[in-house]
Amino acid sequence: MDKQKLTTLKADVLTLRQHLRAGDLYQSLPQRIGYLIDQQARVPASTVIDVPDGEVQALVKGLRDGFQAGSVTTVTDEQIKQLLAHIGSLNPDIRDHGVYYLLNEALQQQLLSEDQLGLIFDTLIQDDQLFDHIDEPENDAVFKRSFSILILSVLVYADHAGFHFMTTARLEQLVQQVCAYLVMEKDTRGYVADHGWAHAYTHVSNLLDELGEEPRLARADKLMMLATLIECYERLSTPLIFGEPERLSSYLAMITSKDELYTDYLLMAFKNWHQDLVMQPAPDSALMWTRIFNRNRLLEAMALHDDFPTVVSDYLDEELEFLG
């Protein structure tokens, strides 16, 4: 992604966050974020550079066998760096069952130090991880972007579990990056033939869920992420059919249970969304029908929850009755 374009986007996101923190906007937040999303033009596809997996295969196999045998007692910084270099591998045995599995297993077995967690975070939060080819048509870099988001969610979980490596500066950087990522990510593929799971929207839901539980974050930042998610979802041009609405609904149930602010905002945004659909001509294109059914699937997934505030549940009942 063009550096100047990304710098401008981040500056715009930061401006919105600052206004929200200052209490300068609320009612206009959907329109302000929507405008920002709509300004992000796609560019022609370019070649995604694939890192050959040959050099890491032996490491993945050795660590995986060692974990299964219970013989791994340490993971070195060099091994971590080697694994992270292949987080975007097109081979799910390397990416999903290798890099992600091994780092998660090392964390579960408490083999990673707080410094090593910081090393992983500082690597994955970088622009060349989260925004690689993000403004282009569907491309293979989605695996690198999506699995970076997934492991970042695991790191936030680890910090909540007691590792305490997440500094205030890192947390601020994470909120800023995830907001910009949401604005830009349009590759919503779930399972990709020959390459396995991409699942960007599932993985970002995991991260939003963990950030929603973060006590150090201001309400304004949590509201910013919620608002950005809703506006991005509303504008998707491809269907989410691989469990993403169900995962998103769990995040929405969690965040609205935290504070009336989030409940009130969600209801306002969803009512605006409904009004926008009513004001449009009868759907006559694949794009319009895709957006309608994306919304319907999300409402239906939300309706299966019994942990939404009553006012949200009542709204869902009315909407689903309206849909028939």
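1. Burial is stated here by relative accessible area: buried means under 20%, exposed over 50%, and partly exposed in between, with a 1.4 Å probe and protein chains only. By that rule Glu-321 counts as exposed, at 67% relative accessibility. Glu-321 lies in helix α15, residues 310-323. Helices (H or I, at least four residues) and strands (E, at least two) are DSSP runs, numbered from the N terminus. Glu-321 and Arg-32 are 289 residues apart in sequence and 31 Å apart in space, C-alpha to C-alpha.

2. On the source: this is a predicted model, in which local features need pLDDT of at least 70 and side-chain atom pairs count only at pLDDT 80 or more, while totals for chains, interfaces and linings use all residues. Residues are numbered from 1 along each chain as its sequence is written, and side-chain values use heavy atoms, with hydrogens and water left out.

3. Salt bridges. The term stands for a side-chain nitrogen of Lys or Arg within 4 Å of a carboxyl oxygen of Asp or Glu. A search of the whole structure finds 21 of them. In one, the side chains of Asp-127 and Lys-10 meet at 2.6 Å, N to O. Asp-127 lies in helix α7 and Lys-10 in helix α1 (residues 3-21), so this pair ties together parts that are 117 residues apart in sequence. Asp-127 counts as partly exposed, at 31% relative accessibility, whereas Lys-10 counts as buried, at 18%.

4. The side chains of Arg-235 and Asp-38 also meet in a salt bridge, at 3.0 Å, N to O. This pair links distant parts of the chain: Arg-235 is in the loop between α11 (219-234) and α12, and Asp-38 is in helix α2 (residues 29-38), 197 residues apart.

5. A further salt bridge joins the side chains of Glu-138 and Arg-189, at 3.7 Å, N to O. Glu-138 lies in the loop between α7 and α8 and Arg-189 in the loop between α9 and β1, so the pair ties together parts that are 51 residues apart in sequence. Both ends are partly exposed: Glu-138 has a relative accessible area of 48%, and Arg-189 has one of 21%. Arg-189 and Thr-238 are 49 residues apart in sequence and 8.2 Å apart in space, C-alpha to C-alpha.

6. Arg-17, Arg-21, Glu-172 and Asp-221 are linked in a network of salt bridges.

7. Surface patches. These are made of residues with over 30% relative accessible area and no salt bridge; like charges are joined within 9 Å, and nonpolar side chains (Val, Leu, Ile, Met, Phe, Trp, Tyr) within 5 Å. Lys and Arg count as positive and Asp and Glu as negative, while His and the chain ends are not counted. The place of a charge is taken as NZ of Lys, CZ of Arg, CG of Asp or CD of Glu. Asp-77, Glu-78, Glu-114 and Asp-115 form a negative patch. Helices α4 (77-84) and α6 (114-124) each supply at least two of its residues. Glu-114, in helix α6, counts as partly exposed at 38% relative accessibility.

8. A nonpolar surface patch is formed by Tyr-191, Trp-197, Ile-241 and Phe-242, with about 400 Å² of accessible area together. Accessible areas come from the Shrake-Rupley method with a 1.4 Å probe, and for residues only the protein chains shown count as cover. Tyr-191 is found in strand β1, residues 191-192, and counts as partly exposed at 46% relative accessibility.

9. Helix α12 (residues 244-256) has 13 residues and reaches 18 Å from its first C-alpha to its last, close to the 18 Å expected at 1.5 Å a residue. The expected span is 1.5 Å times one less than the number of residues. Of the 13 residues of α12, 11 are buried, so the helix is largely enclosed by the rest of the structure. Among the buried residues are Glu-244, Arg-247, Tyr-251 and Met-254.

10. Backbone points to check. Most residues other than glycine have a negative phi. Phi of His-133 is near 60 degrees, a positive value. His-133 is in the loop between α7 (127-130) and α8 (142-163), and is buried, with a relative accessible area of 10%. Phi of His-199 is near 55 degrees, also a positive value. His-199 is in the loop between β2 (196-197) and α10 (200-212), and is buried, with a relative accessible area of 11%.
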